[in-house]
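Please read them with the structure open.

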Amino acid sequence: MSSILKVDEIQNAAGTTGLTIDSSGRVVMPNRPAFHVTGFGQAKASSWQKVTFSGTPTINRGSHYDQPTSKFTAPINGLYVFNTGGYIGANNNPERYAFAFYHNGAASGVISGGTQPSVDAPLEAFSQLIDLQATDYIEVYMYTPNAETLGSSNHPMWFQGYLLG
């Protein structure tokens, strides 16, 4: 026995739309937490340091990204996707660098990185799927062996994420 549910919209008891399906079957979840923010000109010391994103978020669905602290706080339990990357000034002595997402103030156990370019070029982006509980938070940390300036007026650092489900 099979059943077919024919609806265009699903709402909670209070009437908030959680999901819509258009006539072509495309699904939209208008309240899915998501954010994207950039930052320019952060002076970063050598070793591991938190990356701060000075720009106003261009996306902050649900307002779960806090710009003053550069933290995303999970509103509900679930799997979240996070991405970060950007630019760092050219270096005549290319050195290694690394990114890590910190979960509730501690390294998540995964890092990614590469060698700093000797010309103005983007850093390799880093993505990670992280299982969060409501009120857990995520921050971006970066390692470089020397002091650096992150991002420039034309090439920012960036941080983004969203609830996968």
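1. Five strands form an open sheet in the order 7-4-16-10-13, with antiparallel pairing. Strands are DSSP runs (E, at least two residues), numbered from the N terminus, and two of them pair if DSSP finds at least two bridges between them. Strand 7 (59–61) and strand 13 (126–132) are at the edges with a single partner strand each, so one side of each has no neighbour in the sheet.

2. This is a predicted model, in which local features need pLDDT of at least 70 and side-chain atom pairs count only at pLDDT 80 or more, while totals for chains, interfaces and linings use all residues. Residues are numbered from 1 along each chain as its sequence is written, and side-chain values use heavy atoms, with hydrogens and water left out.

3. Strand 4 (residues 34–39) and strand 16 (residues 157–163) are antiparallel partners over 6 bridges. A34 stands opposite Y162 in strand 16.

4. There are 16 aromatic pairs, counted for rings of Phe, Tyr and Trp (its six-membered ring) with centres within 6.5 Å; planes under 30 degrees apart count as stacked, over 60 as edge-to-face and the rest as tilted. W48 and Y143 have ring centres 5.8 Å apart and planes at 50°, so this pair is tilted. W48 belongs to strand 6 (residues 47–50) and Y143 to strand 14 (residues 137–144), so the pair ties together parts 95 residues apart in sequence.

5. The rings of Y80 and F82 are stacked, because their planes are at 15° with centres 6.2 Å apart. Both residues belong to one aromatic cluster, whose members also include F35, F53 and F159.

Notes:
Helices (H or I, at least four residues) and strands (E, at least two) are DSSP runs, numbered from the N terminus.
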